[in-house]
Amino acid sequence: MKVVKNRKMGNGTYDSKIGKIRIFEHDGFLTKIDLNPQNYISDNITPIIQLTMKQIDEYLTGIRKTFEIPYKLVGTDFSKRVLTVMSKIPYGEKCSYSKLSLEAGFEGAARAVGTVCKKNNLPIIIPCHRVIKSDGTFGQYQGGLDIKKALLELESIQQ
């Protein structure tokens, strides 16, 4: 087994317009965003963490509509495919779980797509908040329905 030394890892927690957000980075890639974290860990702010905080704040104030942050997807081939397709849902638009499953090449897998949304490590950056139920209702959101509603309202997507 090869031991890799000097891997760069960072994290940072800050108060945003929608509540506390904790951001994680590993080797120059954004790896996780935690909305409304419940416990405190000490910050290790890196340039990627700073860039992510800046771009999320720009998004939350309506200045930014897309993100330019290097990130790394983890998970199964299925989840990576769904997340990749989800990342292409344009600002201000929404997509149903069933339509997303079809566009990702997995027709009829709406429930599995919902699970991928629930486990999305990069909410906001990969916009799972734009994925809703076929009947037009919001569905669930890992950061809570209040945050999902706020993000959709920010983008002027109404239920």
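This is a predicted model: local features need pLDDT of at least 70, side-chain atom pairs count only at pLDDT 80 or more; totals for chains, interfaces and linings use all residues.
The buried residues of helix α1 are covered by elements that include β1 (9–16), β2 (19–26), β3 (29–35) and α5 (145–154).

**Helix α1**
- Helix α1 covers residues 47–60, and its 14 residues reach 20 Å from the first C-alpha to the last, close to the 20 Å expected at 1.5 Å a residue.
- Its buried residues are Ile48, Ile49, Thr52, Met53, Gln55, Ile56, Glu58, Tyr59 and Leu60.
- After the helix comes Gly62, with a positive phi near 85°.

**The sheet**
- β1, β2 and β3 make an open, antiparallel sheet in the order β1-β2-β3.
- At the edges are β1 and β3, each of which pairs on one side only.
- On average, neighbouring strands are turned by 20° against each other, direction ignored.
- α1 packs on this sheet and touches β1, β2 and β3, with its direction at about 25° to that of β1.
- Antiparallel β2 and β3 are joined by six bridges, and Arg22 has Asp34 in β3 as its bridge partner.

**The nonpolar core**
- The largest nonpolar core has 36 residues, of which Ile21, Ile56, Met86 and Ile124 touch the most other members.
- Two or more residues each come from β2, β3, α1, α2 (77–86), α3 (97–103), α4 (110–118) and α5.
- Helix α1 gives the largest share, six residues.
- Beyond its neighbours within four places in sequence, Ile124 contacts Ile18, Ile21, Leu35, Ile56, Tyr59, Phe67, His129, Tyr141 and Leu151.

Note on methods
Residues are numbered from 1 along each chain as its sequence is written. Side-chain values use heavy atoms; hydrogens and water are left out. Helices (H or I, at least four residues) and strands (E, at least two) are DSSP runs, numbered from the N terminus. The expected span of a helix is 1.5 Å times one less than its number of residues. Buried means under 20% relative accessible area, exposed over 50%, partly exposed in between (1.4 Å probe, protein chains only). Contact means heavy atoms within 4.5 Å. A nonpolar core is a set of buried Ala, Val, Leu, Ile, Met, Phe, Trp, Tyr and Cys residues joined through side-chain atoms within 4.5 Å. Two strands pair if DSSP finds at least two bridges between them. Axes are lines fitted to C-alpha atoms, for helices over the stretch in contact, and angles run from 0 to 180 degrees between N-to-C directions.
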